[in-house]
Amino acid sequence: MSVRELLELHGRPPREVYFDLENSGYVPPEVVNEMLPYFNSVGYGHPSITHKPGWEAYEAIYRTKELLRQVLGAGGIEEFVITHSGTEANNLAVLGLALARRGTRGKIVVSAIEHLSVIHPAEAAESLLGFKVVRVPVDSEGFVLPEVLQEFVDRSTVLVSIQFVNHEIGTVQNIEELSKVVKEVNPEAVFHTDAADAFGRLRIDLGRLRNVDMLTLSSHKIHGPRGMGVLYVREGIRLEPILRGQLSAERLWPGVENVPLIVGFRKAVELAFSDFEGNVARMRSLRDRLVDGILGRVPDVLVNGPRDPARRAPDNANLSFLYVEGEALTVELSMRGVYVSSGSACTSRILEPSHVLLAIGRKHEEAHGSILFKTSRYHTEEDIDYAVEAVAGAVERLRRLSPLRGDRQPVH
Amino acid sequence: MSTRIPLPYTAKVLELFRNPKNAGPMEDADVVETAGSPACGDMIRLYLKVSRRDGEDVVERATFESYGCAANIAAASILTEMVTGKSLREAWAISWKDIADELGGLPPIKYHCSILAVGALKRAIRSYYAKLGREPDWLPKDLTVEERQTLEEERMLERLYSGYSIRITIPRGEGGEGTRP
């Protein structure tokens, strides 16, 4: 199969709007320009070797962690571990703690809608290390209710992992309350939150969130380069490394630090926080314009996730277009220059729809027609209006092909 | 989202997805059959107009409707082209592999799309003869591989629903319903 032929036939649409910020993202020139010198003119050395390019690399890592410490209100820079992705940070949180507490055969409590980079390591801790994984159900908007969580935590619980913001449906959990509930039942249980989708959208203050022990960040979710994540580990929490090799600046992550990515991530953090409220207001108003535009133009659409804007991430829109299948919609929209992803089974390795949409009670046929959009400060209002028209046209064309509606016109 | 897989479609799949042939229902169809279901995320409805020519039952026209992925739409479209002008006996011989080959190949995880298209065709051919009350000697009594797999896909959902331990939900007010009429 020649993907080149596919791409030639596809061609470049007149306008391109990328909403698939969940899966990968646009890296702005300011970030790329910050990275470039670190490939060949400064800091290209190993941060643990005693020469100038090495010290420059170390200084770059130090400055990134110092910025994180400031924007998150953390205690010290030694509480940040740089990994090579958000997935690796979540793996380190779950498996690193499981290894440190192996032999206890305790409980690992996760919500039913966690990212797979939490659920799958938890399952591995169960099958390889004898822990027991417990999945906490969520309500129809994706919320973990404190009184429900309380039922699942007990004295044998070693780890609780609840996302700050859900990556698919944008549910904002009350992490302060949930972490408090956990510690009230069991002060020894470690509380981890995957904050990849909260960082840069909501204020996170680790000084106030005293019961949060570990927190995950991912660079590409804030327009930083891909292949870079961070795990915050509160002082006093002991983890074991899950990759083994030569340690360097990171005591929990072996291998040579990828300094250009670390520098690019720092720039992305700076940009996200330089006008934090303005950035958030912009993604929210663009998201609202997109959702209102689509609901106004397209009938039979379900909104997945919270209705209350205060409890939904400002950038997230997840819509199910009934009577059409989501993968076909991603292809159709791609040809119209609008890039999105779907929770349909047809995009999946195992031909099952999104576990998040099933966990909030969506039927399979509703999950199959789901499309995820994430807005950012790099979108314009013209992008949004163009996307609304593209979505309306794409859904209309695929519904005309679909046998699931009664208002079709015969061809003959 | 769920666990992803690359889907490098051929140019032929994209072309037929973009400009499907013979799409839409047929008012004067002699037989209409559907394979798959909305819950599977994969459904093809096939319409055939059949006429008697030189002692053979020949497909005059074929159209389709599809609810499914790009590969599903392309498979259904190419099937309608492949059967038009063929006798039902010749059409019966089309396999899921023929459909995949005609599309220039499919990613293995999408083979089920061509299986579903052939499943719909075979169901339509059986249904045509069942309505006439005459069964040609070339029509096998046993289900073919495509028919068996189509049935299996249609039944898969019951298994999925029964096997989902994390599908417990707590109802809560109006939920996320945002339907507009």
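Domain bounds are the start and end points of a domain, and here they come from an automatic or database domain assignment. With that in hand, let us walk through this structure, which is a predicted model.

**Two domains in chain A**

The assignment divides chain A into domain 1, covering 29-273, and domain 2, covering 276-401.

**A sheet of seven strands**

Next, look for the sheet in chain A. It is open and built from seven strands, which you can follow in the order β2-β9-β8-β7-β6-β3-β4. The pairing in this sheet of chain A is mixed. At the edges are β2 and β4 of chain A, each of which pairs on one side only. On average, and ignoring direction, neighbouring strands of the sheet are turned by 20° against each other.

Strands β8 and β9 of chain A run antiparallel and are joined by five bridges. Pick A:Met214 and look across to β9(A): its bridge partner there is A:Val233.

| β2 of chain A | 80-83 |
| β4 of chain A | 132-136 |

Why is helix α11 of chain A, residues 326-335, described as largely enclosed by the rest of the structure? Because eight of its ten residues are buried. A residue counts as buried when 20 or more other C-beta atoms lie within 10 Å of its own. Among the buried residues of α11(A) are A:Gly326, A:Leu329 and A:Val331, and the charged-type names A:Glu327 and A:Glu332 are on the list too. Just after α11(A) comes A:Gly337, with a positive phi of about 85°.

**Chain B**

Now turn to chain B, which has six helices and four strands. Starting at the N terminus, its elements follow the pattern α-β-β-β-α-α-α-α-α-β. Chain B contains 181 residues, and 45% of them count as buried. Consider the contacts in chain B between residues at least 6 apart in sequence: 65% of these join residues at least 24 apart.

Notes
Residues are numbered from 1 along each chain as its sequence is written. Chains are lettered from A and ligands numbered from 1 in the order in which they are written. This is a predicted model: local features need pLDDT of at least 70, side-chain atom pairs count only at pLDDT 80 or more; totals for chains, interfaces and linings use all residues. Two strands pair if DSSP finds at least two bridges between them. Helices (H or I, at least four residues) and strands (E, at least two) are DSSP runs, numbered from the N terminus. Axes are lines fitted to C-alpha atoms, for helices over the stretch in contact, and angles run from 0 to 180 degrees between N-to-C directions. A residue is buried if 20 or more other C-beta atoms lie within 10 Å of its own, exposed if 12 or fewer, and partly exposed in between; C-beta atoms are placed from the backbone. Two residues are in contact if their C-beta atoms, placed from the backbone, lie within 7 Å.
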